[in-house]
Amino acid sequence: MAIPERPQIVVLMGVSGSGKSTVAGMLVSSLGWDLLEGDDLHPPANIAKMAAGHALTDADRESWLAAIAAWMSEEYTAGRSAIVTCSALKRSYRDVLRRSLAGRPGAVLTFLHLTGSREELQRRLTARMDHFMPPDLLDSQLGTLEPPGPDEHIVSIEIGPPPHEVAAAALAAIRAHS
């Protein structure tokens, strides 16, 4: 896919275990865009808190979301299209990310919400070996999740199919929004 005339930022959102990193990797391979794994911007205290089995609070997420928003703004300003993985569980969190591109002429921001059943998410988290987020925090994330409202214009993508099919659906959504 050709680089769009105007920078496009795609936020792959969803609870832990929804496949954000896997799908993002496939998209970056197809598109050649920059990628930010949102988890990489968590301060050490957040990672330690989650690794110890404690859910993050809104206050814990504040600086993390600000760092992601700043990165998105920098990518747009540099004229680069990019993909960022971020749980973006609440509307207020998504609003922080939206504000990073507010007032930018021609800015294209697309949220893709990777969704699946609790059972599928639990299965994936239990099989995952190299992540700081313990499977026990899934219920906390699901409890925090505010499903996107129709006014948010967020594309939901079911994670049940094989990853390459999920990535193909995400790519189709990106093309539709460019």
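**Entry 1: helix 1 and helix 7**

I started with a pair of helices: helix 1 and helix 7 are oblique to each other, a label for angles that are not under 35 degrees (roughly parallel), over 145 (roughly antiparallel) or 65 to 115 (roughly perpendicular). This is a predicted model, so I kept to pLDDT of at least 70 for local features and 80 or more for side-chain atom pairs, while totals for chains, interfaces and linings use all residues. Residues are numbered from 1 along each chain as its sequence is written, and side-chain values use heavy atoms, with hydrogens and water left out.

I read off an angle of about 60 degrees for helix 1 and helix 7 (residues 163–177), whose axes are 9 Å apart. Axes here are lines fitted to C-alpha atoms, for helices over the stretch in contact, and angles run from 0 to 180 degrees between N-to-C directions. Helices (H or I, at least four residues) and strands (E, at least two) are DSSP runs, numbered from the N terminus.

Next I listed the contact (heavy atoms within 4.5 Å). T22, V23, M26, L27 and L31 of helix 1 meet P163, H164, V166, A167, A170, L171 and I174 of helix 7.

**Entry 2: helix 3 and helix 4**

I then looked up helix 3 (residues 58–77) and helix 4 (residues 91–99), whose axes come within 8 Å and cross at roughly 30 degrees. That makes helix 3 roughly parallel to helix 4. Their crossing is right-handed. On the helix 3 side I found D58, R61, L65, A66, I68, A69 and M72, facing Y93, V96 and L97 of helix 4.

I found an open sheet of five strands in the order 2-3-1-4-5, with parallel pairing; two strands pair if DSSP finds at least two bridges between them. Its edge strands are strand 2 (34–37) and strand 5 (155–158), each pairing on one side only. Direction ignored, neighbouring strands are turned by 20 degrees against each other on average. Strand 4 (residues 108–115) runs parallel to strand 5 and is joined to it by four bridges. I also saw T115 opposite E158 in strand 5.

Helix 1 (residues 20–31) lies across strand 1 (8–13), strand 2, strand 3 (82–85) and strand 4, at about 170 degrees to strand 3.

**Entry 3: salt bridges**

I counted 12 salt bridges in the structure, taking a side-chain nitrogen of Lys or Arg within 4 Å of a carboxyl oxygen of Asp or Glu. One of them joins R80 and D34, with the closest N and O atoms 3.0 Å apart. R80 sits in the loop between helix 3 and strand 3 and D34 in strand 2, so the pair ties together parts 46 residues apart in sequence.

Note on methods: A crossing is left-handed if the near helix is turned anticlockwise from the far one by less than a right angle, and right-handed if clockwise.
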